[in-house]
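Visitor: Please take one part of this model and go through it closely. I would like the cut-offs stated along the way.

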Amino acid sequence: MATYILSIDQGTTSTRAMIFDKSGSVVSVDQVEHEQIFPRAGWVEHDPIEIWENTRKVIGGALAKANLNSKNIEAVGITNQRETAVVWDRTTGQPVYNAIVWQDTRTQKIVDELAGDEGTDRYKETVGLPLATYFSGPKVKWILDNVDGAREKAEAGDLLFGNTDSWVVWNLSGGAENDGVHITDVTNASRTMLMNLSDLTWNEDIAADMGIPMSMLPEIKSSSEVYGECKPGVINGTPIAGILGDQQAATFGQACLEKGTAKNTYGTGNFMLLNTGTEQVPSENGLLTTICYKIGEEETVYALEGSIAVTGSLVQWIRDNLGMISSAPEIEDLAKGVDDNGGAYFVPAFSGLFAPHWRPDARGALVGLTRYVNKGHIARAVLESTAFQTREVLDAMNADSGVPLTELRVDGGMVVNETLMQFQADILGVDVVRPKVAETTALGAAYAAGLAVGYWENTDDITANWGEDKRWSPQMDDAERERLYRNWKKAVTKTLDWVDDDVE
């Protein structure tokens, strides 16, 4: 009987289940979008119950499409939107509040208070991260401070916290009724601001600073081991054996397993990770030091990461908020109708600017407008903003690592946009390479789970499975590249200092 690995990809805009075979090829996929909740400007929430119901739905859907059942599935891997915080009642299984999404900026005052006189790098040496609204810890504090009765329940040991990986695993392994396991993996733990990077344990002092009881925190595990079994449901008894935060999963799925290899994922936001091996590399240029992965008892592998908040979600915004297009692929058709951006630059600082700037006071700006600019130019400016932001991160990465990248492996939903990929190669001045399986996030989680149960023997199998689909080489001359980038940097300055002290 043929067997496979099932991967659950709990993302920012949707949840999907993908089934993979030994070659790393997709056998089946099912996907359901969930609601994006915007209670106020800067606030972004998801309904955790909807996410869990969708998870169950897509597991059944993916199995049905491939005419498979639980006997065909050797293990389940999970990948997830990181830094999105869920707090729930361990007795009832009910969330005490909606999940607060990684893009949400409501915790800025908490972040400022924690920074105090020591500044945003207060915990950076310990956790690898600057104080920012991006990370989970301050979101948990906000929930405990603002939801009636939450702090009392937390201090009584009745509340649990986790990123969406913990929420999905807890429910998948039985939830409140059947002793669900409350765990997370090292990659997700490294995005909370609460974990010591050096020894992979929770930092009690930082948790105390944020007013988070230790009893809320999940047990930290490696990225590849058997955590428990699914129960009850359509894959009852199947081992849950791999967890990787989405960007680390994509790095793993891209076979960036050697020190010095890097990938860039083009999703809701953009995330570039550079494998730094077993060495923690502190960033001097606005990047994050994070966990890349940890396979069972093997040594921890670290990474430098450049996180960009808004890329694919800008296309979504153009579609949903402005109605300029009716589907995401139309942005490329519009952009191809013009030769250049017409002088227009779009800086999508909707949640402030992430790497390498870390400016929460920034807000989005469309600049350089003249009567000449039409919607084709704006569409092109939308796509180019993704490439320019990636250039900023790549420059920072080259400076931190001291070894300039010679090519960039890319994945995620936007890499089907060939106009964007060519412009990306042009503005970086290096080759951009798309793999045969572009959805490497789900694949990475499948690999982590499969390695834990012996479905794949070792990481050599992962490297052997990776294959190049298409390569884009730079076609732009140096002078034009630098002129465009100079103007982009000028556009970025127009977004700064927008949020005043009196703005919530």
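Guide: Helices and strands here are DSSP runs numbered from the N terminus (helices H or I, at least four residues; strands E, at least two). The model is predicted, so local features need pLDDT of at least 70 and side-chain atom pairs pLDDT 80 or more, while totals for chains, interfaces and linings use all residues. Residues are numbered from 1 along each chain as its sequence is written, and side-chain values use heavy atoms, with hydrogens and water left out.

Helix 1 itself covers residues 48-65, which is 18 residues. The expected span of a helix is 1.5 Å times one less than its number of residues. For helix 1 that gives 26 Å, and the end C-alpha atoms are 26 Å apart, so the two values agree. At the start of the helix, a side-chain oxygen of D47 comes within 2.9 Å of the backbone nitrogen of I49. That distance can be read against the cut-off for a polar contact: a pair of N or O atoms within 3.5 Å where, within protein, one must be able to donate a hydrogen and the other to accept it, and residues adjacent in sequence count only if both atoms are side-chain atoms.

Several residues of helix 1 are buried, among them P48, I51, W52, V58, I59 and L63. N54, T55, G61 and A62 of this helix are buried as well. Buried means under 20% relative accessible area, exposed over 50%, and partly exposed in between, using a 1.4 Å probe and protein chains only.

E83, which is not a glycine, has a positive phi of about 65°. E83 sits in the loop between strand 5 (73-80) and strand 6 (86-89). Its relative accessible area is 2%, so E83 counts as buried. D497 is also not a glycine, and its phi is positive, near 60°. D497 belongs to the segment after helix 16 (478-493). Its relative accessibility is 58%, and therefore D497 counts as exposed.

One further backbone feature concerns omega. The peptide bond from A355 to P356 is cis, with omega near -5°. P356 lies in the loop between strand 17 (345-347) and strand 18 (365-367).
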